[in-house]
Amino acid sequence: MAKTALAGVKVSVLYFECSSKKFSLGAGATVLIRGEFRATLEPSEREDAARQDTLRVVYESSRILSGLLNCKSNAGLPATFTMPPEV
């Protein structure tokens with residue numbers, strides 16, 4: 001899905017690398033971007049569903065950001081969300 005993804009019931013984090021001409025470092029520069037989602041309320045659903053939902057929010061936001069930045073190959077973020085396996 002990305003370089004690293006961590007999913008919790010109230011917090012999820014997703015790191016992805018973006019190579020874009022929009023960065024001041026110049027063409028082909030690659031930067032590491034961190035996306036984070038924090039819920040303020042306790043989830044009303046099962047833990048596994050809550051983890052998937054929090055990660056889906058940060059994934060969708062990261063995918064949109066990678067498009068706005070014109071990241072090469074959408075920063076490796078696939079077109080559709082799939083929950084990564086636990087490691």
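This note sets out points on the core, the surface and the backbone of a predicted model.

1. Nonpolar core. The largest nonpolar core comprises 12 residues: Leu14, Phe16, Cys18, Ile33, Leu55, Val58, Tyr59, Leu69, Cys71, Ala75, Leu77 and Phe81. Strand S2 (11-19) and helix H1 (47-68) are the elements that contribute two or more residues to this core. As a general matter, nonpolar side chains tend to be buried together in soluble globular proteins.

2. Surroundings of valine 58. Valine 58 is one of the residues of the largest nonpolar core. When its neighbours within four places in sequence are set aside, valine 58 is in contact with Ser12, Leu14, Gly35, Glu36 and Phe37.

3. Aromatic pair. The structure contains one aromatic pair. Its members are tyrosine 59 and phenylalanine 81, with a centre-to-centre distance of 5.4 Å and 50° between the planes, a geometry classed as tilted. Because tyrosine 59 lies in helix H1 and phenylalanine 81 in the segment after H1, the pair ties together parts that are 22 residues apart in sequence.

4. Tyrosine 59 counts as buried because its relative accessibility is 1%, below the limit of 20%. Phenylalanine 81 also counts as buried, with a relative accessibility of 11%.

5. Nonpolar surface patch. Which residues form a nonpolar patch on the surface? Ile64, Leu65 and Leu68 do so, and together they have about 290 Å² of accessible area. Isoleucine 64 is located in helix H1. Its relative accessibility is 55%, so isoleucine 64 counts as exposed, the criterion being over 50%.

6. Backbone at asparagine 70. Most residues other than glycine have a negative phi. Asparagine 70, although not a glycine, has a positive phi of about 60°. Asparagine 70 is placed in the segment after H1.

7. Backbone at serine 73. Serine 73 is another residue that is not a glycine and yet has a positive phi, here about 55°. Serine 73 is found in the segment after H1. Is serine 73 buried or exposed? With a relative accessible area of 61%, serine 73 is exposed. Phenylalanine 81, which is also in the segment after H1, counts by contrast as buried.

Conventions
Residues are numbered from 1 along each chain as its sequence is written. This is a predicted model: local features need pLDDT of at least 70, side-chain atom pairs count only at pLDDT 80 or more; totals for chains, interfaces and linings use all residues. Side-chain values use heavy atoms; hydrogens and water are left out. A nonpolar core is a set of buried Ala, Val, Leu, Ile, Met, Phe, Trp, Tyr and Cys residues joined through side-chain atoms within 4.5 Å. Buried means under 20% relative accessible area, exposed over 50%, partly exposed in between (1.4 Å probe, protein chains only). Helices (H or I, at least four residues) and strands (E, at least two) are DSSP runs, numbered from the N terminus. Contact means heavy atoms within 4.5 Å. Patches are made of residues with over 30% relative accessible area and no salt bridge: like charges are joined within 9 Å, nonpolar side chains (Val, Leu, Ile, Met, Phe, Trp, Tyr) within 5 Å. Accessible areas come from the Shrake-Rupley method with a 1.4 Å probe; for residues, only the protein chains shown count as cover. A salt bridge is a side-chain nitrogen of Lys or Arg within 4 Å of a carboxyl oxygen of Asp or Glu. Rings of Phe, Tyr and Trp (its six-membered ring) pair if their centres lie within 6.5 Å; planes under 30 degrees apart count as stacked, over 60 as edge-to-face and the rest as tilted.
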